[in-house]
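Thanks for coming. Here is a quick tour of pockets, cores and salt bridges. Have a look first.

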Amino acid sequence: MPMTSFISAGKQVCSSSDPRRQSHAVTVRWQEHTVTIGGGAPVLVQSMTSTNTADPISTALEIKKLAQAGSELVRITINTSEAAATVPEIREQLDRMGIKVPLVGDFHYNGHLLLRDYPDCAKALSKYRINPGNVGQGAKRNTQLSQMIEAAIFYDKPVRIGVNWGSLDQDLLARMMDENSQRAMPWDSKSVMYEALIQSAIGSAERAVELGLGRDRIVLSCKVSGVQDLIAIYQALALRCSFALHLGLTEAGVGSRGIIASAVSLSVLLQRGIGDTIRVSLTPEPGALRTGEVIVAQEILQTMGLRSFMPTVIACPGCGRTTSAVFQKLASRIQNYLRTQMLVWGKQYPGVETMNVAVMGCIVNGPGESKHANVGISLPGAGEDPVAPVFINGIKATTLRGERIAEQFQDIVHDYVQRTYSATIVR
């Protein structure tokens, strides 16, 4: 089977007009807080800490920042005895801060031992992530995978079986390469690797089901770094199972490259109804917060119309007619203001996340675009002493002048939120 045939098979999943792929609904909880993966639930945003898990204070603080940025699940590395012993303390610190985000334990190589030797860690986690390529070699592989699945059953925890092409089961890959060499028309090596990833994920999931883990307790992922590779693999995977699926490039990259690669690959799959959780695995700039990957994931989902997380700021790019920098400063200011305010507004004013705010820079399209938004302002494009009409729900409400346009427009947006969206009591 040549590579082109493999990819073509995946393209049969659904067209852009089809509904989302139906998968088993997986419930992940911590105390009274519950999130649902799959089963028609909204696509969730995940992230992962970069701190040493054995440092409970730093890890808890990073989890808090990720959760406040909008991460609905946070994964933490559990690779040593010290890390496993610290998980209950991390969970306690988060609970004291009122951060109820579920924690996912990321296990490799020694997870079967850590789950056995640190029961408080196993209890404090809301979900386990297991990599079939790193659970043991040879005869030990099935035994150690089984021990981790049995721990998940005992503690009633869902599991993500996450296959990665950087740590693929080499015994499986070698066997499939040998079988392929005997074909009358051998597949190319990349197609064999695709198939090995899929078989490793589905085979491990079916083994978990045999052991007693429900299909509604399993999430699958097949992580690769290439955009076309990810699309091809997940299209084929979606055809062959009904497990909930987690999407993401395993290493998206740095800066704009990582953002674009993630946006392109995830959007293609999400548009075809594939994917129940996503992570954008960006390499942060030195000293930058990890929260950037959460914001990018949210913006992918919101731009596609799948979810709303915060009000949308519509702003023109500027051109030769916009000789003033006023609109640029105003657009940036209102964007930052809305993101900060959503920490409160998101709880207090349900529906505010669907609001559109327009900041236009000149008279050509400015008034018309401003009328399309809930709240819009149209700057004249030239001069540092602008006269700017403001439109609310398509009707001109006022005209702003002078040096305090930014503050006045911000107040108008704030007043609109208070008048338009029903306030609820924040507890």
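**Pockets, cores, salt bridges**

Start with the lining of the largest pocket: by class it has 11 nonpolar, nine polar and seven charged residues. Here Ala, Val, Leu, Ile, Met, Phe, Trp, Tyr, Cys and Pro count as nonpolar; Asp, Glu, Lys and Arg as charged; the others, Gly among them, as polar.

Ground rules. This is a predicted model, where local features need pLDDT of at least 70, side-chain atom pairs count only at pLDDT 80 or more, and totals for chains, interfaces and linings use all residues. Numbering runs from 1 along each chain as its sequence is written, and side-chain values use heavy atoms, with hydrogens and water left out.

A pocket is an open set of points on a 1 Å grid over the protein atoms alone, where a 1.4 Å probe fits, with protein on both sides within 12 Å along at least five of seven lines; lining residues have an atom within 4 Å of a point.

The largest pocket has a volume of about 1000 Å³, a volume being the space filled by probe spheres set on the points. Its lining numbers 27 residues, and Ala 67, Gln 68, Ala 69, Gly 70 and Lys 347 lie nearest its centre. Helix H12 gives the largest share of that lining, six residues. Helices (H or I, at least four residues) and strands (E, at least two) are DSSP runs, numbered from the N terminus.

The second largest pocket comes in at about 360 Å³. Its lining divides into two nonpolar, 10 polar and eight charged residues. Nearest its centre, among others, are Arg 75 and Glu 251.

Now the core. A nonpolar core joins buried Ala, Val, Leu, Ile, Met, Phe, Trp, Tyr and Cys residues through side-chain atoms within 4.5 Å. Buried means under 20% relative accessible area, exposed over 50%, partly exposed in between (1.4 Å probe, protein chains only). The largest has 82 residues. Helix H8 gives the most to this core, 10 residues.

Last, salt bridges: a side-chain nitrogen of Lys or Arg within 4 Å of a carboxyl oxygen of Asp or Glu. The count is 17. Which residue does Lys 190 meet in a salt bridge? Asp 229, at 3.3 Å, N to O. Lys 190 lies in helix H8 and Asp 229 in helix H9, so the pair ties together parts 39 residues apart in sequence. Lys 190 is partly exposed at 32%; Asp 229 is buried at 7%.

Finally, Arg 75 again: a network of salt bridges links Arg 75, Asp 106 and Arg 129.
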